Amino acid sequence: MTFKPPLPAPVLIVLSGPSGVGKDAVLERMKERQLPGVKYVTTVTTRAQRPREIEGRDYHFFSQPEFKKLIEANELLEWAEVYGNFYGVPKAAVREALKAGHDVVVKVDVQGAASIKKITPGAVFIFLLPPSLKDLEARLSRRLTESPAALKRRLETAPHELEQLSMFDYFVVNHEGRIDQAVDCIAAILAAEKARVHKRNIIL
Ligand SMILES: Nc1ncnc2c1ncn2[C@@H]1O[C@H](COP(=O)(O)OP(=O)(O)OP(=O)(O)O)[C@@H](O)[C@H]1O
Ligand SMILES: Nc1nc2c(ncn2[C@@H]2O[C@H](COP(=O)(O)O)[C@@H](O)[C@H]2O)c(=O)[nH]1
């Protein structure tokens, strides 16, 4: 008898969590650690570019009319208005990366995760959690990117987002000063998902 183990199927990871929990910090560390075969799809936003942000790395920065065109051309896997700006996931980039056999990671807010779950429940939904609301507030404040009013808005939204935990497949706690531990946990989830006997079906 000849035997070959099954080929692992590409996985679509949807990373979500309240603003300031550390999604970008975790993604940045994942990139630094060069997890093999993983592609990160940069999302599109109409939000103003922050001083240290780089076009194409942090976001694709679009004007509102340009964003509207993407919606009309059905080029976004999902889109949402978040804190007064528009954000969306470019469908073609996700599709092409999966087609090339890569595992794909996208970062969205909780409403984005809910939308993607409706479209393709076969994605893997990970909720990044803060150790406490106090830590979340400290992180968002330290980042110095939000006006006091915007900070308040984001912090008031967080408890409602945290109530959506049951929608997710996994939670990962981003403990203070332990980003690598969160990355280890995501890498373990990815490894387990790739070893599934019954593959998840990704429909885009
Ligand atoms: N484990 C951690 N320990 C300490 N500080 C952290 C940790 N993770 C992230 N931070 C810091 O917390 C702040 C918020 O992190 P980050 O910008 O990555 O959050 P985010 O979830 O991507 O936010 P948003 O949803 O608003 O884009 C940053 O200053 C980041 O350096
Ligand atoms: N639904 C979507 N949410 C997205 C997308 N890209 C980013 N985000 C989330 O928006 C908020 C605000 O982000 P910020 O950079 O202004 O702090 C945060 O939760 C992001 O994760 C997207 O394509 N769709």
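Trainee: By class, how many nonpolar, polar and charged residues does the shell around ligand 1 have?
Mentor: In this predicted model, the shell around ligand 1 has eight charged, six polar and four nonpolar residues. Here Ala, Val, Leu, Ile, Met, Phe, Trp, Tyr, Cys and Pro count as nonpolar, Asp, Glu, Lys and Arg as charged, and the others, Gly among them, as polar.

Trainee: Which residues are the closest to ligand 1?
Mentor: Ser 19, Lys 23, Ala 25, Arg 143 and Gly 177 are the closest of the 18 residues that surround ligand 1; a residue is near a molecule or strand if one of its heavy atoms lies within 4 Å of it.

Trainee: What lies 2.8 Å from an oxygen atom of ligand 1?
Mentor: That is a polar side-chain atom of Arg 143. A side-chain N or O atom of Arg 154 is 3.1 Å from an oxygen atom of ligand 1, and a polar backbone atom of His 175 is 2.9 Å from a nitrogen atom of ligand 1. A polar contact is a pair of N or O atoms within 3.5 Å; within protein, one must be able to donate a hydrogen and the other to accept it, and residues adjacent in sequence count only if both atoms are side-chain atoms.

Trainee: How are residues and ligands numbered, and what is left out?
Mentor: Residues are numbered from 1 along each chain as its sequence is written, while chains are lettered from A and ligands numbered from 1 in the order in which they are written. In this predicted model local features need pLDDT of at least 70, side-chain atom pairs count only at pLDDT 80 or more, and totals for chains, interfaces and linings use all residues; side-chain values use heavy atoms, with hydrogens and water left out.

Trainee: Turning to ligand 2, which residues are the closest?
Mentor: Of the 17 residues that surround ligand 2, the closest are Arg 47, Tyr 59, Glu 78, Tyr 87 and Arg 154. The shell divides into eight charged, six nonpolar and three polar residues.

Trainee: Which polar side-chain atom lies 2.6 Å from an oxygen atom of ligand 2?
Mentor: One that belongs to Arg 154. A polar side-chain atom of Thr 43 lies 2.9 Å from a nitrogen atom of ligand 2, and a polar backbone atom of Gly 88 is 3.1 Å from an oxygen atom of ligand 2.

Trainee: And Asp 103: buried or exposed?
Mentor: Asp 103 is buried, with a relative accessible area of 5% (buried means under 20%, exposed over 50%, partly exposed in between, with a 1.4 Å probe and protein chains only). Its side chain reaches the backbone nitrogen of Val 11 at 2.8 Å.
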